[in-house]
Amino acid sequence: MVEITETVLRDGHQSLIATRMRTRDMLPAAERLDAVGYRSLEVWGGATFDVCLRFLREDPWERLRALKRAMPRTPLQMLLRGQNLVGYRHYADDVVRSFVGEAARQGVDIFRVFDALNDPRNMEAALAAVKKAGARAQATICYTTSPVHTLGSFVALGHRLAEMGADELCVKDMGGFMPPTEGAALVRALVHEVGLPVVVHTHSSSGMSTMTCLAVADAGATAVDSAISPFAGGASQPPTETLVGAMRGTATDPRLDLTLLADLAEYFRKVLDHYRPLLNLRALQTDPGILTHQIPGGMLSNLLSQLAEQEATQRLTEVLSEIPRVRADLGYPPLVTPTSQIVGSQAVINVLTGARYRPMTQEVRDYLRGLYGTPPGPLDPELRAEATAKEPAITGRPADLLSPELEHAVQEVRALVPAADTAEALSFVMFPPVYKSYRQATQRGLTSDVLTSAALGVVAALRAPPPPPVAAPSATATGTGSGGVSPWAYAGRSQLQSQRRWVDARHDRPGR
């Protein structure tokens, strides 16, 4: 039997409608979701925290509490960016410990912890905090291909994560280009050699995801991720109903009720209709080209936006050719937040200026110095020498450079909100300007979806229609869930103005 993790409440809508599904649209389906028998429901983390505050004017903590109350039987899961938590820079260890502890207390049962470079040092504080909180630690291997990414290297990373206390492993195919044969070989090796349960997360971008999920299921995967059909396909996960139907009657049968799944699909189809102005049609398309250029759909959308700003969309082919060269120069990082933005923005600059690394972005300099962690492969020696000419390379764990942050954040937030609790302080330290704007809006009564105990009564109204359509965000906001804040900023470094609008919240998959 293979179990299913349902992603409709997190990665499904993050991948297709820029994370804009409101809590009030989730709650009517909560009782039915809880009754399906999923292994877990991914409901939090990734870009949801940022978008709740920035665009939806919702309290992400209240969303978590509401969903936990409405779905008490099924474990709730979140995506955590290691030392970056749900933000775009490294946070001090005291913030990591407090955030994980608070999230576990308020309802997260399973923490999927990943790092863009697969650097275990960037995951160790979060994994330790998960274990201390008594939650399940799902340590993640970001899948990619390169001369330095081999079956042996992934298995070695699996062993290291097991030594750090991981309860299970996740293979995260954020680009959706892991072939069935290679996925099966990797899962088989991890199960047999590391000895931990293995969950597989993929995307439908290349069209292979359903085949890959079936292959890894046969190879011994404990679970696979999927999304209920209206929020599946393209840049999202494969459809839940399709996988359940394909495995029905086999040794891997998830044993889920297709009639109940069809009922949920009908509800979420109506929800999607109301968010259709936000639907990125490109995100729904299958792009087999990803098998050669390995650029996830969300990243491709970002590149097109960048080039459109410079009236240079005709140069996309050149950028697609430049990205692998930049990636090789930087030691073959997996293309996931924030490395996808680091590589992509530098590639665009290289093409548009006609002079490679002239200029070199501050993010690339920081990366070359080691501020993001240890690259998977060797760096271009000339670029590294240039980046470290005035500032030394960092050889230790990047977070060791950071002083404690939480106490100061508590004092600062209580100057704004005297009764602020730990959760409020953590929201503030994640995104200070965004949090201030959110508080100002809610204090003026401008919040778009205030959750109260009375609102939870909607759970009983299983057939209630979704609320009226939400207004489409501005062109800058559409498809850019972090609202133009640079996801690769390290400790608040400023960016080139032209880069500030290049962020795509869906990149925590590739989520991604």
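The model is predicted, so local features need pLDDT of at least 70 and side-chain atom pairs count only at pLDDT 80 or more, while totals for chains, interfaces and linings use all residues. Residues are numbered from 1 along each chain as its sequence is written, and side-chain values use heavy atoms, with hydrogens and water left out.

Let's begin with the cysteines. A disulfide is a pair of cysteine sulfur atoms within 2.5 Å, and by this rule the count is zero. Cys 52 counts as buried because its relative accessibility is 2%; buried means under 20% relative accessible area, using a 1.4 Å probe and protein chains only. Cys 213 is buried too, at 1%.

A cavity is a set of points, on a 1 Å grid over the protein atoms alone, where a 1.4 Å probe fits but cannot get out; its lining residues have an atom within 4 Å of a point. The largest cavity has a volume of about 90 Å³, the space filled by probe spheres set on the points. Its lining includes Arg 81, His 90, Phe 114 and Tyr 372.

Let's stop at Arg 81. This residue lies in the loop between β3 (76–80) and α5 (93–106); strands (E, at least two residues) and helices (H or I, at least four) are DSSP runs, numbered from the N terminus. Arg 81 counts as buried because its relative accessibility is 3%. Its side chain reaches the backbone oxygen of Val 86 at 3.2 Å, and a polar atom of that side chain lies 3.1 Å from the backbone oxygen of Gly 87.

Technical notes:
Buried < 20%, exposed > 50% of the residue type's maximum accessible area, 1.4 Å probe, protein only. 1 Å grid on protein atoms, 1.4 Å probe; cavity = no way out; pocket = protein on both sides within 12 Å on 5 of 7 lines; lining within 4 Å. Polar contact = N/O pair within 3.5 Å; in protein donor to acceptor, adjacent residues only side chain to side chain.
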